[in-house]
Structures are given as structure tokens and as C-alpha cells.
Amino acid sequence: MSAREFNFDGLVGPSHNYAGLSFGNVASFSNVKSASNPKLAALQGLAKMRALAQRGFGQALLPPQDRPNFRLLRSVGFTGTDAEVLSRAAKEAPVLLACAYSASPMWTANAATVSPSADTADGRTHFTPANLNNKLHRAHEHTQSARALRAIFKDEKHFAVHDALPGTPAFGDEGAANHTRLCSTHGDSAVELFVYGRSEFDVAVPAPQKYPARQTLEASQAVARLHGLSAGRTVYIQQNPDVIDQGVFHNDVIAVGNANVLFYHEQAFADTANSLEQLRQAMDGVGAKLNAIRVDTAQVSVADAVASYLFNSQLLSKDNGKMALVIPHECQENAAVAAYLQGLVASGDAVDELIHFDLRQSMRNGGGPACLRLRVALTEAEVAAMHQGVVMTETLYHTLVAWVEKHYRDRLEPADLADPALAIEVHTALEELSRILGLPGLYDL
Ligand SMILES: NCCC[C@H](NC(=O)CCC(=O)O)C(=O)O
């Protein structure tokens, strides 16, 4: 069956802010409590979506989540009117207010793990929203992620949207940031590769010492079971715990795959030789030949990879049989990375084009091009069955730019989260957005 990959980018919400909530994510920690520009952040994201749609790549969006999450604040004891809840939280526990206001749903690579119909036992596309339970500010995303995915992929003949895994450390799940499919073309049965940071039950598996490993082996296995993946086409690889300790909080900060290409850093995995051998064998089973493009430490250090987000790029298949690498501007500004990329494109290997974007508002919180998108490979019938209002077109782009210009502030300081007017602005904007997207029940406002 032929299929087309759609990238569902997260539309940045009106309260985009930097709260320094992600211990282990160097950018989030170093930009703690600086001022953000929500309007610019949303426009940067929309510019990327538009440019890729104009190039003919399948492009859609996932809507922002309602912020602040008053349910979270009320569930931890803040009572009264919305304004009273905000003022008490700001005074007594500003970090909880920041969690309820977190910008993090914009990184839709963490919204869910997706297995296309070619890979699953029942021939439907399966989604498991990620519980993101390693971080309080992200652990409350999955309810709305499931709601949005169910609204867009409503047709149960084609799609199954599961509930998130139980929210407990054993099942720490960060979604597609630790998952990739390897195959010849998107419509083929693929090998699904899950990369985990630690194991809850196997004490022999080494874990990082300094920063948390967010994804567990047990969570990856549970997602594979829920999706009905076949054992022979599922591979689990351990991430190198040392690179987690250097700021590689998700695998998509150090590796990216597309079709038969795995683009990865020499230090990405715990046992590279064995892991890649397993992957090669599994790919043999689906008639695909692994093209492993390795970047050595001598070419690009782990620190440069983390600073530039070279691997947090999108690898997109083009009609000429080659791939484009979608990178943030930071890659061009890092001398080692820029030199590596020049050589990569000149080498005649799979990547023959670089497409770069200014995504600084997202990068300052540790999210690059790959974090901003959830990949869903869809057959023609599935494309027709999903909700059409989220597919990026020129018209939708212009409508959303006007909507952003109308509702978004261009400066948000941490103290502004206490402003009751901000909460009202966000609600008003999202009510209008659900009408624009044709998704009336999108929010539980
Ligand atoms: N895939 C990219 C995810 C980035 C995300 N950053 C954050 O949540 C930062 C939020 C803040 O600090 O305000 C994270 O670490 O999970």
C-alpha cells in the first residue's frame, strides 16, 4: 500500500513561556525565567509549516492546549474563582503555576507514539498518547493530547487512539521522540525502533547518574503490545546513559531516522554494534537495507550536537529519491556542525538538501524541528478519513497568522503568568481557534 508521511506540528500557544522546568534539558534550564515572545514563537512555527507544505510535504498541525490548566491547580488545593486560584498559586507555589502554564505541548513529538496501519495487527493506525510522567509540567498533557487526536482521527475503522500508559515511573513514556520507523518507503511494513533510557525491572541495564532517563524499556514494550506490532519487526535499543548525562534527554536529540536511513551520533547508543546488527536483521525481514549515517565525535562533539540540535532535524523523503534535512539556524552557526553538513550534502549519500528555519523561540526551551512535529504515515483512504481542518494550506496559514496577530502578546515575563487577563486571553483565542479548525468539541473549556 502506498502512504504519505504527514508531519503534525504543534501550533505554539498564546502563553508560550520559559519556566526552566526541565531538569536534564540544558536549554530549558539555561533560559530559566527569561522573557518569551509568544507571537514570534507561533509565527516561526507557522512559517516552517507553510514552507514545508508549499514544497509538497504532507503538513498538518496539532492545536495548542488550554492554559493554565485550572484542573491541575484545583486538584492540588487552590480554590475559589479562577482569579483567586491564580493569585494564590502565584504567591504560594509559583512553580506549580508555571507547570499549569507550561508551553510544552507545542513539542508534539512527545504527544504520542504512532504506528501506521502497515505495521499493526488490525491494519489500523494506532496512537498512544505519552504519559510524560517524568515531569510534572508535562504529565498533565496526555488527557488533552488524547482528546485532540480522537477529534482528528475519529474514524475507528481506520484509527485507534489508546489511553496513555499508567502514570508511574515504570512506564515513563515520552512518545515519538524515542521511536522511529525504518523501511523502504512509508507505506511498507516497517521495523519500529524504540530507544529507551533505562529499565525499571532489569537491574543489569545501566542508568544515567546525573540526569533522569525519561523513557523506560517497559513503556516501549507496552506501546508495542497495544499497537499490535509483530515481535520480528520491533527492535529495542538502549540509549547511551552517558549522553543522557550530557543533556540528551530524548533520543531525538542524538539520532533521527527516515525510510531506510538512520542518522546518528557515534555515542548515541549503549551498544552500537549489537544494536545496529539487530536492526539490520529485522530490516532484512521487511526487504529494506539499513543506511546508517554515523557522525563521529571527532566531527561533531556531543556538546555541539546538543547546542546545535543537528540530530533534532527532520529527514524528509523527496520525489527525486533523496532526502532533505530540516535544521534550525543554530546548525549553521556552529562551525563544526556547519562544516559537517557541507560534507554530508557533498558526499552524494541520501541527504542532498538542507532546509533551515529560525526556530529560536522553541530552541530556547530545548525544542528543535523534530520536537515540533509528530509523524503520521497515512494511506490515501486514511488521509481522506482524518479531519481536514488541521491540514496546512495557504488559506489556513493566512487565517492563523491573522489569528495570532490578534490574540498573542509579543512579550511574556514569568510574573505575567499571575495576570488573570492572560488566562482570559488564552481562552478567548482557543475558542476562536476551535471554530477556525472546525473542531467544536476540541477543548473542555
Ligand atoms: N522534545 C522537546 C521537549 C522540550 C521540553 N521542554 C520543556 O518542557 C521546557 C519547558 C520550560 O522549561 O518552560 C522538554 O524538556 O520536554
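Tutor: Let us begin with contact, which means heavy atoms within 4.5 Å. Leaving aside neighbours within four places in sequence, S145 is in contact with Q65, A111 and P129. This is a predicted model, in which local features need pLDDT of at least 70, side-chain atom pairs count only at pLDDT 80 or more, and totals for chains, interfaces and linings use all residues. Residues are numbered from 1 along each chain as its sequence is written, and side-chain values use heavy atoms, with hydrogens and water left out.

Student: Why does S145 count as buried?

Tutor: Buried means under 20% relative accessible area, exposed over 50%, and partly exposed in between, with a 1.4 Å probe and protein chains only. S145 has 9% relative accessibility, so S145 counts as buried. This residue, S145, lies in helix α7 (residues 142–152); helices are DSSP runs of H or I with at least four residues, strands are runs of E with at least two, and both are numbered from the N terminus.

Student: Which residues does UniProt list for "active site"?

Tutor: The unreviewed UniProt entry lists E174, H250 and C371. They span 198 residues in sequence, yet no two of their C-alpha atoms are more than 11.1 Å apart, so they gather at one spot. The positions follow the numbering used here, feature names are shortened, and annotations may be inferred rather than shown by experiment.

Student: What makes the link between the side chains of H250 and E174 a polar contact?

Tutor: A polar contact is a pair of N or O atoms within 3.5 Å; within protein, one must be able to donate a hydrogen and the other to accept it, and residues adjacent in sequence count only if both atoms are side-chain atoms. The side chains of H250 and E174 are joined at 2.7 Å, so the term applies.

Student: Is H250 buried or exposed?

Tutor: H250 has 1% relative accessibility and therefore counts as buried. C371 is likewise buried, at 2%. H250 is found in the loop between α9 (241–244) and β9 (255–258), while C371 is in the loop between α14 (360–363) and β15 (373–379).

Student: Why is the pair of W403 and Y408 called edge-to-face?

Tutor: Rings of Phe, Tyr and Trp (its six-membered ring) pair if their centres lie within 6.5 Å; planes under 30 degrees apart count as stacked, over 60 as edge-to-face and the rest as tilted. The structure holds eleven aromatic pairs. In the pair of W403 and Y408, the centres are 5.2 Å apart and the planes stand at 70 degrees, so the pair is edge-to-face.
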